[in-house]
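Please read these notes with the sequence and the structure side by side. They go from the whole chain to single residues.

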Amino acid sequence: MKLLANLPDPVEYPVELECSPAVVKPGNQTELRIRVRNPKTGKPQQKFEIMHEKLMHFFAVRQNLSFFLHEHPVVQGDGSFVLPVSLPEGGMYRLLVDF
C-alpha cells in the first residue's frame with residue numbers, strides 16, 4: 001500500500017514573531033505573538049485546522065539541547081497566537097511552529 005500525504009497544496013507559510021518585552025532576558029516571562037501569513041496573498045491567515053488536537057504547536061530547543069519546550073499558543077481574534085514563555089538561560093534557541 002502506498003502512503004500519501006493528505007495535504008492539499010504543500011507550501012510554506014511565512015511566520016512573524018514578536019516578543020514583549022522586545023529584549024528576552026533569561027528567567028523573565030516574555031509574551032510571544034505569532035502571526036502566520038497566507039503565502040499567496042500576504043494577508044494574515046485566519047483559518048487553521050486542528051492537528052494532533054491543537055491548532056498550533058510551538059517548540060523551542062536550546063542549541064546545546066539542554067532545554068526543550070513544546071507548548072500550544074492560544075489563538076486570538078485577529079488570527080495571531082499568543083504564548084507566555086520563560087527561557088532558563090541565554091544563548092541560541094531554535095524556534096519552530098507546526099500548524
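1. Helices (H or I, at least four residues) and strands (E, at least two) are DSSP runs, numbered from the N terminus. On that basis the elements of the protein chain, from the N terminus on, run β-β-β-β-β-β-β. There are seven strands and zero helices.

2. This is a predicted model, in which local features need pLDDT of at least 70 and side-chain atom pairs count only at pLDDT 80 or more, while totals for chains, interfaces and linings use all residues. Residues are numbered from 1 along each chain as its sequence is written, and side-chain values use heavy atoms, with hydrogens and water left out.

3. The C-alpha trace of the protein chain spans about 45 × 35 × 20 Å along its principal axes. Of its 99 residues, 25% count as buried (under 20% relative accessible area; exposed is over 50%, partly exposed in between; 1.4 Å probe, protein chains only). The chain exposes about 7,400 Å², and carbon and sulfur atoms supply 54% of that area (Shrake-Rupley method with a 1.4 Å probe; for residues, only the protein chains shown count as cover). Taking contacts (heavy atoms within 4.5 Å) between residues at least 6 apart in sequence, 54% join residues at least 24 apart.

4. The largest nonpolar core has 14 residues (a nonpolar core is a set of buried Ala, Val, Leu, Ile, Met, Phe, Trp, Tyr and Cys residues joined through side-chain atoms within 4.5 Å). Strand 2, strand 3 and strand 6 (81-86) each supply at least two residues of this core. Those with the most contacts inside the core are Ile34, Met56, Phe58, Phe67, Leu69, Phe81 and Val85. Leaving aside neighbours within four places in sequence, Met56 is in contact with Ile34, Val36, Glu71, His72, Pro73, Phe81, Val97, Asp98 and Phe99.

5. Which residues lie nearest the centre of the second largest pocket? They are Cys19, Val24, Leu87, Tyr93 and Leu95, out of 17 lining residues. Strand 1, strand 2 (29-36), strand 3 (57-62) and strand 7 (93-98) are the elements that give two or more residues to this lining. A pocket here is, on a 1 Å grid over the protein atoms alone, an open set of points where a 1.4 Å probe fits, with protein on both sides within 12 Å along at least five of seven lines; lining residues have an atom within 4 Å of a point. The lining divides into 12 nonpolar, three polar and two charged residues (Ala, Val, Leu, Ile, Met, Phe, Trp, Tyr, Cys and Pro count as nonpolar, Asp, Glu, Lys and Arg as charged, the others, Gly among them, as polar).

6. Tyr13 is found in the segment before strand 1 (15-20). Tyr13 is partly exposed, at a relative accessible area of 31%. Not counting residues up to four places away in sequence, Tyr13 touches Val36, Arg37, Asn38, Pro39, Gln45 and Phe99. Gln63 is 50 residues from Tyr13 along the chain, and their C-alpha atoms are separated by 24 Å.

7. The peptide bond from Ser20 to Pro21 is cis, with omega near 5°, and Pro21 is found in the loop between strand 1 and strand 2. Glu53, in the loop between strand 2 and strand 3, has a positive phi of about 75° although it is not a glycine. Glu53 counts as exposed, at 72% relative accessibility.

8. Leu65 is found in the loop between strand 3 and strand 4 (68-71). Its phi is near 65°, a positive value in a residue other than glycine. Is Leu65 buried or exposed? At 69% relative accessibility, Leu65 counts as exposed.
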